[in-house]
Structure formats: structure tokens, C-alpha cells
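Here is a walk through a predicted model. Keep the structure open while you read.

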Amino acid sequence: MDWNSPFMLTVGLPLLKIVILLGVVAFCVAYTVWLERRLLGFFQSRVGPNRVGPAGLIQPIADGLKLILKEDIIPTNARPFLFRIAPIFAVVPAFAGFAIVAFAPPAGPRASFLISDANIGILYLLAITSLGVFGIVLGGWASGSKYPLFGSLRSASQMLSYEVPLTFSVLSVILMAGSFRLDDIIQAQGKLPFLVPLILAFGVYVISAVAETNRAPFDLPEAESELVGGFHTEYSGMRFAFYFLAEYANVVLVCCVATSLFLGGYKIPFLPYETLLAAHPWTVSLIGLAVFAVKAVAFLYFYIWIRATFPRYRYDQLLKIGWKVLLPISLLNLLLVAGIKLAMLR
Amino acid sequence: MPGALNRLVRMVTFPELASGLAVTFKWFRKPKVTEFYPDARPVLPYRTKGRLHVEIETCISCRMCEKACPEDCIKVYPPPKEVFKTDKRPAQFYISLEHCIHCGMCVDPCPTGSIHHSMEFELATYNKDELLFNKETLPYDLAIKHFRQGLLENVEQKSP
Amino acid sequence: MTDLLRAEGTAPLRKVLETKNMELNFGPQHPATHGVYRAVLTLDGERVVGIESIIGYLHRGIEKWAEYRTYPKATPVFDRLDYVGAILNCHGYVGAVEKLMKVEVPKRAQYIRVILDELQRIANHLLWLGTHALDLGAMTVLFYALREREVIMDLFEAMLGQRLLQNAYPIGGVRLDFPKGWDRACRNFLAEFPKRIDEYETLLSANRIWVQRTRGVGVISGEEAVALGLSGPTLRGSGVYFDVRKAVPYSSYEEFDFEVPLGERGDVYDRYIVRVREMRQSVRIVQQALDGLPEGPLMPEKLSKIIRPPAGEAYFCVEGTKGMLGFYVVSDGTDKPWRLHVRAPSFVNLQGLERMCVGGLVADVVANIGSLDIVLGEVDR
Ligand code: SF4
Ligand code: SF4
């Protein structure tokens, strides 16, 4: 096979990468669930799932199998077509977002660790992740039941109101780096992760990202004690698994994006990646990948830690925080960053 | 004014949320309290009201237990009159664990201490009929009797 | 303009777009109704405009059942009223029969009853705390609370042989004395437990999310609470000083030094904090009872084997885990109660739910139900 043929470069290689990435992400998502259950158990003074395989490591596979084999129920009141396709709407954007994440420094001109080096990467990411809400709204509405309807309405308003501060906080990162490309943003953090200068934006990002992914303490759309299961109350079997997958894929995506935007991606501060990269490309790439993974998992740990500790906000309070607290803070932060940038340009 | 400033500082620095996180983190590091039940057998105290055991040999068919049971799950058939004069052991003795609520009301009035609880607690069966015990199927274990003796004399429990 | 708003051949648009209230069936298999309680909510958006309680899914006819049993035989069934506070139910019933028979319970038995009662109160409040916190999304507190409750359950098992439905007291006193080592185990628990309460308070009382979720939610004033007949922590949360242990002391409660915690505003937070403080007071009572445990018999000497109270009636109430738990027994001189009625605090407290919920949001309904601490076994009986 000729790896240098135009066909391979434009179609074959990206396809191969996509297949690999899908597999890896699905694997990561499955083990995120496992990790979350284990860690939650530890926080709660118990051991979590430990029966299936050593330390419960085969648990995600068992869960997946169970969900696939389960009966797929479509309620009488549901709109069958929409009910069937809604989970796909949720899952596709969650996975599509991974296309622009740079997991490691490229080991060669054709061996980069990202699928698409789009120069508007961040914009694409923001656009595609906000599409995920369609799956939730459609699913909730198509279920033909009141609890899912409530869940999806809540979800829609929650995602809309948190999209704004999230975007503003990402904007300040873009301003700092001066580019929309994710790789440029990571390169700009060679000396200092943006976490330090943009601590405000980071805070806003974390809170709105938690809200965006519908996780505790902002897990209102699926608040099991109020709305039973929220938008996926009526779902079972494979379709429920899709929603589940989408939720955790979003979590993993947020971890990856936060790592890239604020924690310096695969960079270790003051390590001259460029010179090292020229000498041993693959070793450095893999080290970069490991650094990225460690940072992402640390962020995930924080996510779970928060879930284990805090109660849930109420719906109206949640929206209030989004519009009245986070939005002004993120705007203020954006102004600050812009001012500093201007001063530096002078 | 300092009060307001203090409030503001507290509002933006989340001290109480941080101490909450500290609590969960403390238990994250501590050993866990989960009991690994089927793998590790639990140590039950002497007084556990488990499955009822009846020592048919010492029973005198007085039917006190039958009368005391709120769920009517004991049935004692005394032997015929002629036999009873010499041999007081019951002709038949039924306990239906299907109904038993393990309340211990039948144990208190027994004059001979023939009926008492054991520490057996896994009573699930695949078949309802298996929960009806009669004279032949009623399990009895002398070790348990001694064990109950230990309970009556109020000895401190040691783990096995 | 009016023409534009008028869809062709139909009523004016304003009429067409008229909003309707939505009815939402809440329960009986809802995760936050703590059993098989069912409410039909009338909602305007997420705001509650009406709530109708529907009960009876767990009705077992316990009172009638007891009328067909002799007095001692009826004891274990009352454990099944409020199954998370079983000892107190047992105490209520047994106390009523003792009052009917004018039996004096020996001092040591009274003290042992106080110890077990208060441990049961802690166990109940722990379970309540955990589930209430879980309803509001703080799932970890549930596991911490159950971990501590487990210790109490083990204490019960060592003392009474059962963990949940202990059939604790016979009529007249208590069955057996403490087993060896029980005293030490109990004291260890009491020494450790206040620190754990501090942890719950760090996780909840101080937490701003918790405060925002519970402050000013489900407010019920003292007068209203009294008018509705609420009792227990639900009443004290509204600032009314009423505790059966203080008002009509039974089982030597007058000999213990403890406070009755009171709330100020009568909201969910106050009801929560009252229960948490009550746990601390219970620890104090148990400590005092363990220290001052008198020697003596466990059962009264002249108690006939067959219990046949004289004809008459008696009402005896204890401060149950949920409130004033009263037993009314009428005897016609036979060995079975002629009539028996239970004043179940959960049932009466449920009256307050409508006052608390109307005007609030759906999420507040969950908080309110949690703050009432109802157990459906007691509501439906
Ligand atoms: S333990 Fe209770 S229910 Fe069971 S047989 Fe004895 S008296 Fe009857
Ligand atoms: S009370 Fe004891 S002796 Fe009497 S019938 Fe029952 S088991 Fe036998």
C-alpha cells in the first residue's frame, strides 16, 4: 500500500484514525463509568463494583452486554420514529467533538495524534457539542411522558444558559493564544498553562462544563429523586446505553478540552518539546500522550469528587447562577484579558 | 464593613465547600467499611434470632410455643394419651418458616428450652414447601444448644 | 392586528393559546416518596398549585389484626408500623398495656428502655438524614449515615437478636439484660458519633447549596403547625416547644438532662437542623442512662403469665421518631384488646404537606416530603 498516495492521505489515513479513535474513546468512556463508580465508592467509604473481574475491571463490559441484551421498550404514547433516532442525535455530537482534540505532539508529518487539524477547531467544538441537546430534547419529547418532558425542557434551558458563559471563557483563551487552532493554544502554553493567568475563566469553564454535561451538582435534567430519570426515563436497553454513552463521552470530551485549554495539554512546562521531538519523535509523542492522559484523569477525578460531595441545585437557582453570576464574571474576565492583550501589543 | 468584606471573601473563596471536599477526601483515604458478605462470613452475636431449632427429645408437648406464636406458624401434635404418660415427646411438630417473623415469642414460654433460635440466617429456598419443617426435617445441632447455653450465661462473644 | 391574531374559523388566538395546568402523578413508585406514597401534583410550569395525597397502598389492617391477638401476641406487629423506629412503636404499645394493667416497670428496665429508645431515635434520624440528603442530591451523606446506623444495628442485634424489627420489649419490662461487652461497644459508639455528626454538618449545614435548597422552603408557622396537629421534629422546627418526653415524661425521662432543640422559621432547613441536634441530645441521654443504670430486676415480680387487663381504656404516648406516637387501647376484661387505635405521627404530619408545597417548585416537593420524615408503614397502618 502506498501511504503517500493522495487517496490515502485524504481519505484512508483519516478513516483509519477515526476508527482507532472511536474505539479508544468508547473504551475510555466505558472505563470512565467504571472509574466513577469505583471512586464514588471510595469517597463513600465503600469499595464500589469489585465482583466482575479483578477490581471489577470487566464490569463495563458486563454492563454493556446486559444493556444490549435487554428488551427495547417503546411506550405506547411515544412517537416511535423520533423515539428511535433521538439517542443517535445525542451520541454522534459527543463523539464528533473528539475530532479536533490533539492528544499528543505529532510524531511525524503524517503521524499526528489528531484527526483534523482544523484552524477553527474551537468553533467547531462549541458548535458540535451544543448539538447534543437536540438528542435530549427530542428524546424527552418523543417519549410521550411527563417526566421525560420535564427533563428535556430543563436540559434545553440549562444548556442554553450555560453555553454563553462557557463560550466567553473559551473566548478569553482564544484571545490569549491568538488562534482558534487547538494545537496553537497548546503551544502557547509551553511555559505556563493558561490555568494561572486565566484562573477566573477556568472557574467559569469548570462550572459551566459541569452544567453542560448535566453532572452533579447540576444534574437537574436527570435528577433521579425528582424526575425519576429525566429525559431517559422511558428508555431501556440499547437506546438507554446510547444516552449513557453520550453523557460519559461528553464528560471525557470536557476533560480533554479542559486539559488542552487550561492545563497545557500534553506539555510539561519548560520542557523543550520541539528539540526533543526532532531527536526521538515516537518516545516524546507517547510521553506527551501520557501527560495528557494524566491531566485529563486528574480533571475527571475532580469531577467525581464534586459529585460525591455536593447536593444538587434547584432549577431556578441554577439558571440564576448561570445568568447572574457566571455571565458577568466571564464578561469581566474577557474584558480584563483583552485589556492586558492590548497593553502587551502597545 | 469588615463583616461585609468577610462575607464577600467567603462568597468567592468557597471555604465551606472546600471543607466539604476535605471530608469526602478524608474517607477516600481511610479503609472501607464494606463487608464482603459471601466471601467473609459475618460474625453474628449469640442472641441472633435465626432459624428456629427444636430439640424433639426434650420437648414435652406442652404447646406453650404454639399458643405464644403471633403468626400461628407452630403446630404441635402431642402423642396419644397412653403414650403421653410415659413418653411426652410430640407425635408431630410443624414449623412453617414461611410465616415465621423470628420474633422470639415462642422461645420465652418454653419450660424445657427445647425450642430456640439458631444463628442460621440464610433461609432462602427455591421451593416454598422446603420452608415447612416437621419432626423429621427439623434440624438440630447439639453444638448450637451449647451455644445457647453460652448466651444464657452471658459470655462475651469472641469472633470465630 | 386583531385579525392577525385570529386563526381562520377558530376562536381568538388568546383563547387558543390558553395555558392549562398539568397534572403530574408523583409516586407511588417514585424514588423520592420514601415508600408507596402517592401525590397528584397540579403544576403550572414547574410551580405547584395543588397537591393531593393518596395513601393506603401499604394498608395492612394492623389495628384490626391486633384485636384478634392476645395482648402479648400483638406486640411484634407494631414494629411493622414505623419500621425504621420499631423499638419506639413497641414501647408505645407495651406502655399502653402496662398503663391499662397499672403495672410498674422496674427502674432498671425503664433505663434500658430509654437507652434502646434513644439509640433507635438516632438510627431513625440517620436513615432520614441520608435519604433526605440523597433526595437533594448529596448522595455521600447517605452512605456515611448508613455506616453509623450499621453500628447501632449491630448493637441492637447483640442486645435483642434482631436488627430492624426487634420485638424489643415484653409487657412489663425487658427480656434480657445487656450482653457482656455491650456497654463498652455502646460507649465507643457514643464517643465517636458526635464527630461524625460534625462531618454531616460540614457536608450539609454549612454548604451553601444545601442552605439555598432548604432555607425558606416549605415554611409552616407555629400556629399553623399546631392547628394541623403536627408533632415531633416537624412541629419543633416551627419553634413550638413540645416534646412528649418533657411534657408527659414516661419511663423516667424526667431524670435525664437534655434540651429540646427548636427551629425558628419552620422551613426545611429548620426541620433538618432540629433532627440533627436531636441526635446530639440523644447521645447525651444514652450516656446519662448508661452512667446511672440502676441495679434491680428486669420484670415486675407480680405479673401473671396470662395478661388480662381489667376492663377500661388507656392512652399512652411516647415521643416517637416522627412525633407523638400514641396508642389507645380499650379492654373489655378479656385477653384480647377490644379496640385499639394508633395515633400515627407520620399520618398526621402528612397533613402539613399541602401547606408546605403549594407555591413552591417540583424540586421543593421532594425536599418537603423528605423533611416530614414520613414512613408509609405508619401512615397506612
Ligand atoms: S419466632 Fe415468632 S413467629 Fe416464629 S415461630 Fe416463634 S413465635 Fe412464631
Ligand atoms: S413450649 Fe417447648 S416443650 Fe412445649 S411444646 Fe413447645 S417446644 Fe415443646
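Nine residue pairs are in polar contact across the interface of chain C and chain A, both residues at pLDDT 80 or more. A polar contact is a pair of N or O atoms within 3.5 Å; within protein, one must be able to donate a hydrogen and the other to accept it, and residues adjacent in sequence count only if both atoms are side-chain atoms. Salt bridges tell another story here: the count between chain C and chain A is zero. The term stands for a side-chain nitrogen of Lys or Arg within 4 Å of a carboxyl oxygen of Asp or Glu.

This is a predicted model, so local features need pLDDT of at least 70 and side-chain atom pairs count only at pLDDT 80 or more, while totals for chains, interfaces and linings use all residues. Residues are numbered from 1 along each chain as its sequence is written, chains are lettered from A and ligands numbered from 1 in the order in which they are written, and side-chain values use heavy atoms, with hydrogens and water left out.

Stay with chain C and chain A. The contact (heavy atoms within 4.5 Å) draws 35 residues from chain C and 26 residues from chain A. How much area is buried between chain C and chain A? The value is about 2600 Å², and carbon and sulfur atoms give 59% of it. Buried area here is the accessible area (1.4 Å probe) that two parts lose on being put together, summed over both. On the chain C side, Glu46(C), Met139(C) and Ile209(C) lose the most area to chain A. Together they make up 21% of what that side buries.

Which elements of chain C give two or more residues to the side that touches chain A? They are strand 1 (22-26), helix 5 (107-135), helix 6 (139-160), helix 8 (208-214) and helix 15 (362-372). Helices (H or I, at least four residues) and strands (E, at least two) are DSSP runs, numbered from the N terminus. By class, this side of chain C has 20 nonpolar, eight polar and seven charged residues. Ala, Val, Leu, Ile, Met, Phe, Trp, Tyr, Cys and Pro count as nonpolar, Asp, Glu, Lys and Arg as charged, and the others, Gly among them, as polar.

Now turn to chain A and chain B. Here 14 residues of chain A are in contact with 14 residues of chain B. The two chains bury about 1300 Å² between them, 71% of it on carbon and sulfur atoms. Ser45(A), Arg51(A) and Trp305(A) supply 36% of the area that chain A buries against chain B, more than any other three residues. Arg51(A) also has a charged partner: Asp39(B) forms a salt bridge with Arg51(A), with the closest N and O atoms 3.9 Å apart.

On chain A, helix 1 (6-43) and helix 11 (281-309) each supply at least two residues of the side that touches chain B. Helix 11 of chain A gives the most, with five residues. That side divides into nine nonpolar, three polar and two charged residues.

Next, chain B itself. Chain B has five helices and five strands. From the N terminus on, its elements run α-α-β-α-β-α-β-β-β-α. Of its 160 residues, 36% are buried; buried means under 20% relative accessible area, exposed over 50%, partly exposed in between (1.4 Å probe, protein chains only). Among contacts in chain B with a separation of 6 or more, 75% come from residues 24 or more positions apart. Chain B exposes about 9800 Å², and carbon and sulfur atoms supply 60% of it. Such accessible areas come from the Shrake-Rupley method with a 1.4 Å probe; for residues, only the protein chains shown count as cover.

Finally, look at charge pairs. The structure holds 40 salt bridges over all chains. In chain C, Glu150(C) forms one with Arg163(C), the closest N and O atoms being 2.8 Å apart. Glu150(C) sits in helix 6 and Arg163(C) in the loop between helix 6 and helix 7 (182-203), 13 residues apart. Glu150(C) is partly exposed, with a relative accessible area of 29%. Arg163(C) is partly exposed as well, at 29%.

Asp267(C) and Arg215(C) meet in a salt bridge at 3.1 Å, N to O. Asp267(C) is buried, with a relative accessible area of 0%, whereas Arg215(C) is partly exposed at 25%. Arg245(C) and Asp243(C) pair at 2.9 Å between the closest N and O atoms, and both are buried. Arg245(C) and Asp243(C) also belong to a network of salt bridges that includes Glu118(C), Arg121(C), Arg236(C), Glu278(C) and Glu319(C).
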